[in-house]
Amino acid sequence: PASAEIKPAAGGKEAPAPKSWEELNEDQPFVYLLNKYEMTLNDDWSYTEVLNYRIKIQKEGANYLGEQKLYYDKSRESIPEVQAYVITPDGTKHPYTKLQDLPVYQGSPMYSDFRVVVVTLPQVAPGSVIDVYATGKTTRKAIKDHYWERVDYPTVPTKLETSAFIFPADKKIDFKQFNADFKPVIEKEGKTVKYTFTFSDTEDFSEREQYLPPYEEMHGFAIFSSLPDWKTIADWYRDQVKEKTQDSEEIKAKVAELVAGKTTEREKALAILEFIQDNFRYVGMNFGDHTVEPHPTPEIFQNRYGDCKDWTLLARQMLAYAGIKADPVLFNDEYGGDPQHGLPQVAAFDHVILEIAVDGKRYFVDPQTKGYDFGEHPLGYDGAYLLVVEDNGFRLDRVEPTTEKGNTIESTGKVELSDDGSAVFDIRVNFGIDFSGSFRYMWKMATEKDRQKMIESMENSITKGGEVIESRFDGLEERYGKVELYMKYKRADAYPVINDMIILKEDLSHNIDDFFPEKERKYPIFMANNMLMRSRAEYVIPPGFRIDYIPENFDLQLDFVQIKTDYAKGKDSVTVDGLYRLKRNRFPAERFSEVKEFIKGFRKHDNQYSVLKKK
């Protein structure tokens with residue numbers, strides 16, 4: 001506590017007083033002074049919620065919080081009461097100036113039930129406090145006659161947070177904690193049981209160590225659920241799919257048109273997926289508290305828009321019309337945490353994809369991920385948790401991490417040196433699938449003016465002020481595969497000339513110091529993806545010079561990283577082969593001193609250079 005007695009330190013000096021919670025968080029844009037929540041479950045599985053929170057604005061960057069938003073699904077939820085005001089530093093209370101109940105997606109009738117109450121507040125500025133009180137009523141969860149909820153450690157600095165859950169004592173609702181230090185106070189009174197979680201003076205988790213494992217592994221969570229098993233969720237979703245997949249001659253005709261002339265299942269499946277990707281608008285909904293059920297497939301097809309549930313449902317039906325089997329898959333990325341650490345709950349998943357059987361193999365495919373072929377996926381999908389809803393059962397599965405081969409960047413270059421230290425660079429870079437896909441998408445979405453800016457920015461970054469002779473991207477117009485950059489440029493001051501020597505400093509560009517600046521580590525390092533950067537540079541020395549010195553080869557390795565460089569002396573050239581590898585792995589905080597030693601060793605080698613001397 002801040003009021004603790006200050007005892008003299010060694011040498012007679014007084015130890016500094018510990019900082020108060022307010023002092024520790026004074027640089028935050030905003031903090032929660034209070035975050036109070038109470039849920040009461042009724043006998044018919046409906047429930048009421050009471051929410052009261054106070055946010056202190058500390059910087060102008062948080063002024064946007066002057067517009068508070070409360071979301072709900074009006075088909076089964078309501079917000080009957082909202083009170084809100086701002087307290088300015090002089091103690092004056094200013095009530096809200098506007099209260100609006102709006103559709104979240106204007107112009108999207110399929111989602112007219114998804115609404116937001118927007119509370120507009122005045123006088124929001126540093127030093128002011130936002131105070132919001134609201135009540136909510138919910139007739140049922142997405143799965144009728146069930147309840148689930150998860151309690152996490154606060155992620156924003158909070159002075160006091162309480163979360164209370166009141167259940168009928170005769171309801172069978174399981175409770176479980178995973179890796180959590182916080183415990184609820186459990187009170188039984190008459191026919192109810194109440195769980196209350198209290199958090200006080202919590203720390204900031206927005207600016208933390210780099211390369212952290214999933215949040216639940218560090219701070220744990222608590223969970224309630226009445227669902228008996230994962231099968232209940234699979235059965236519920238299978239019923240949703242069956243009900244909303246409705247036969248349509250119009251969809252059949254479109255599928256016949258798309259697959260005409262296609263001979264393989266892969267060609268047919270890609271034609272269907274590409275049609276949806278190119279002609280449908282995405283609306284972002286998930287399996288959170290306001291879960292929206294999928295819509296009938298003819299309605300999705302006619303409207304040409306939908307969320308992930310709608311896209312996958314329509315894609316599944318169109319694939320079936322083409323004779324291709326596909327199963328719906330509930331999805332959550334790896335950082336969302338392992339569902340099996342908790343209890344069965346729908347909110348364990350926030351996305352839906354497909355498992356498609358193509359030419360004798362099965363692939364996890366997200367219809368939204370444009371530009372990824374079968375067997376490819378965004379790096380953010382590595383290790384994702386899945387619940388595959390099969391025809392007569394289900395299975396829990398995971399997305400296989402992208403291999404090093406699928407996430408490799410290769411560069412080759414030839415550098416022709418002149419005796420004044422100038423050089424002509426001829427380079428070619430072959431990018432990985434993930435970067436190629438995102439860059440290709442940005443390129444296609446950009447205007448000609450924006451494209452020119454992208455090119456100029458890239459050229460300035462690489463040439464460092466040099467003169468571009470030629471540059472181009474290959475593969476940008478392709479739908480799949482890798483993008484390749486070719487560039488030729490000249491730079492006058494490429495390498496320093498000292499007396500009769502040219503100094504060749506090889507920029508390894510892998511300074512992991514930026515990743516781990518801290519002196520000590522509290523949490524494990526989690527490298528989530530495999531990656532390989534391989535480079536080869538050939539330096540052609542100018543006439544009249546000889547190779548006087550090249551550095552020693554080195555190969556530095558840790559569990560999750562490898563940096564290797566080989567130098568080779570030729571008759572008239574120096575070749576440098578570089579390798580930078582990140583390996584998907586966990587590294588304990590107790591061994592962080594090894595990381596610092598690794599960085600120290602890297603610095604030593606990074607400061608070496610080759611020397612060319614005049615004959």
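This is a predicted model: local features need pLDDT of at least 70, side-chain atom pairs count only at pLDDT 80 or more; totals for chains, interfaces and linings use all residues.
The sheet I begin with is an open one of five strands, in the order β19-β18-β17-β20-β21, with antiparallel pairing. Strands here are DSSP runs of E with at least two residues, helices are runs of H or I with at least four residues, and both are numbered from the N terminus. Two strands pair if DSSP finds at least two bridges between them. At the edges stand β19 (361-365) and β21 (394-398); each has a single partner strand, so one side of each is left without a neighbour in the sheet. Direction ignored, neighbouring strands of this sheet are turned by 30° against each other on average.

Residues are numbered from 1 along each chain as its sequence is written, and side-chain values use heavy atoms, with hydrogens and water left out.

Phenylalanine 331 stands opposite leucine 386 in β20. Helix α5 (residues 265-279) packs on this sheet and touches β18 (351-358) and β19, its direction making about 155° with that of β18. Contact means heavy atoms within 4.5 Å. Angles run from 0 to 180 degrees between N-to-C directions, and axes are lines fitted to C-alpha atoms, for helices over the stretch in contact. Helix α7 (residues 308-321) lies across β17 and β18 and runs at about 20° to β18.

I turn to a second sheet. Three strands form an open sheet in the order β9-β14-β11, and the pairing is antiparallel. Its edge strands are β9 (148-152) and β11 (174-178), each of which pairs on one side only. From one strand to the next, the twist averages 15°. β9 is joined by five bridges to β14 (residues 221-225), and the two run antiparallel. Aspartate 152 stands opposite phenylalanine 221 in β14.

Strand β4 (residues 77-87) pairs with β8 (residues 129-138) in the antiparallel sense over nine bridges; the bridge partner of glutamine 83 in β8 is tyrosine 133. β4 also pairs in the antiparallel sense with β5 (residues 93-95), over three bridges. Tyrosine 85 stands opposite proline 95 in β5. These two strands, β4 and β5, form a hairpin with five residues between them, and glycine 91 in the turn has a positive phi of about 90°.

Next, a helix pair. The axes of α8 (residues 433-445) and α9 (residues 448-463) come within 8 Å and cross at roughly 135°. α8 and α9 are therefore oblique to each other; under 35 degrees counts as roughly parallel, over 145 as roughly antiparallel, 65 to 115 as roughly perpendicular, and the rest as oblique. Phe439, Met442, Trp443 and Lys444 in α8 meet Arg451, Met454 and Ile455 in α9.

Finally, the chain as a whole. The protein chain has ten helices and 35 strands, and its C-alpha trace spans about 95 × 90 × 45 Å along the principal axes. Of its 615 residues, 48% are buried, where buried means under 20% relative accessible area, exposed over 50% and partly exposed in between, with a 1.4 Å probe and protein chains only. Among contacts between residues at least 6 apart in sequence, 73% join residues at least 24 apart.
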